Every structure is written in C-alpha cells, then in structure tokens.
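Please have the sequence and the model open while reading.

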Amino acid sequence: VIIQVKGRVDFTDLSTPLSIKHYIEAPHGGAVGLDHTPPRYCDWAIQKHLDVTTPIPNLYMTGQDQIICGVVLAQLCGVITAFRMSGFLPSLRIVLQSIFLI
C-alpha cells in the first residue's frame with residue numbers, strides 16, 4: 001500500500017489477459033485489435049491498408065489500428081487524420097499556433 005494514497009482512492013480497476021478473455025470473449029486475450037508484430041510496422045503492403053486515406057475521394061478512416069495502437073493513441077490518430085485532410089500548410093499553421101499561442 002502506498003502511504004500517500006491510503007484512504008484516498010475511491011475506485012480501482014484491473015484487467016488481465018484472462019479477464020479480457022472472459023468479458024469480451026477474445027479467445028487469445030487480446031483487446032487492442034491487430035497484432036503488434038514487425039510486419040505490421042515494416043511491411044509497406046500492410047501499411048498501405050492501414051493508411052487513413054481510401055480509394056474513395058474524401059473518405060478517410062481513423063481510430064485504433066489505423067496508424068498506431070491503443071485508446072489514447074487512437075485520439076492522436078484522429079488529429080493525424082485531420083492534418084492529412086487539411087494538408088501540410090494548414091496543419092503546420094495549427095501546430096505553430098498551439099506551440100507559440102499566436
């Protein structure tokens with residue numbers, strides 16, 4: 001027990017591969033989508049299918065497993081998708097404004 005938080009914690013949550021297997025019926029205990037293997041990040045054919053752009057003009061995909069994995073990183077993927085939709089210069093302007101608050 002960490003002394004500084006003793007008596008101050010209202011809620012805790014714990015997940016293991018066994019609880020994931022039980023509650024979401026994932027037979028191998030995975031809950032994050034695609035496997036995290038080297039081909040996923042190095043094979044250009046796989047990367048092409050995970051890109052946010054599609055063959056349909058102005059249709060974009062975003063979220064978990066598009067570029068990167070995980071819930072928080074899925075949010076970042078939304079930002080990356082918005083940048084891809086906006087183009088380089090508008091995206092650069094947004095980044096510079098957020099850095100320098102201009």
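**Helix H4**

The face of H4 turned away from its buried side carries Val72 and Gln75, which are exposed (over 50% relative accessible area with a 1.4 Å probe, protein chains only; buried is under 20%, partly exposed in between). The model is predicted, so local features need pLDDT of at least 70 and side-chain atom pairs count only at pLDDT 80 or more, while totals for chains, interfaces and linings use all residues. Residues are numbered from 1 along each chain as its sequence is written, and side-chain values use heavy atoms, with hydrogens and water left out.

- H4 covers residues 71-86, 16 residues in total; helices are DSSP runs (H or I, at least four residues) numbered from the N terminus.
- From first to last C-alpha H4 reaches 23 Å, close to the expected 22 Å (1.5 Å times one less than the number of residues).
- The buried residues of H4 are Ala74, Cys77 and Thr81.
- Seen down the axis of H4, these buried residues fall within an arc of 45 degrees, so they line one face of the helix; the arc is that of the directions from the helix axis to the C-beta atoms.
- After H4 comes glycine 87, with a positive phi near 100 degrees.

**Threonine 81**

- Threonine 81, in helix H4, counts as buried because its relative accessibility is 5%.
- Apart from neighbours within four places in sequence, threonine 81 is in contact with Val52, Tyr60, Met61 and Thr62 (contact means heavy atoms within 4.5 Å).

**Helix H5 and serine 91**

- The 13 residues of H5 should span 18 Å at 1.5 Å a residue, and the end C-alpha atoms are 18 Å apart, which agrees.
- Serine 91 lies in H5 (residues 88-100) and is buried, at 7% relative accessible area.
- Leaving aside neighbours within four places in sequence, the contacts of serine 91 are Phe83 and Ser86.
- Valine 79 is 12 residues from serine 91 in sequence, and their C-alpha atoms are 9.7 Å apart.

**Largest pocket**

- The largest pocket holds about 220 Å³ of space.
- Its lining is Trp44, Gln47, Lys48, His49, Leu50, Asp51, Thr53, Thr54, Pro55, Gln66 and Ile67 (on a 1 Å grid over the protein atoms alone, a pocket is an open set of points for a 1.4 Å probe with protein on both sides within 12 Å along at least five of seven lines, and lining residues have an atom within 4 Å of a point).
- The lining residues of the largest pocket divide into four nonpolar, five polar and two charged.

Conventions. Helices (H or I, at least four residues) and strands (E, at least two) are DSSP runs, numbered from the N terminus. Grid points are joined across faces, edges and corners, and a volume is the space filled by probe spheres set on the points. Ala, Val, Leu, Ile, Met, Phe, Trp, Tyr, Cys and Pro count as nonpolar, Asp, Glu, Lys and Arg as charged, and the others, Gly among them, as polar.
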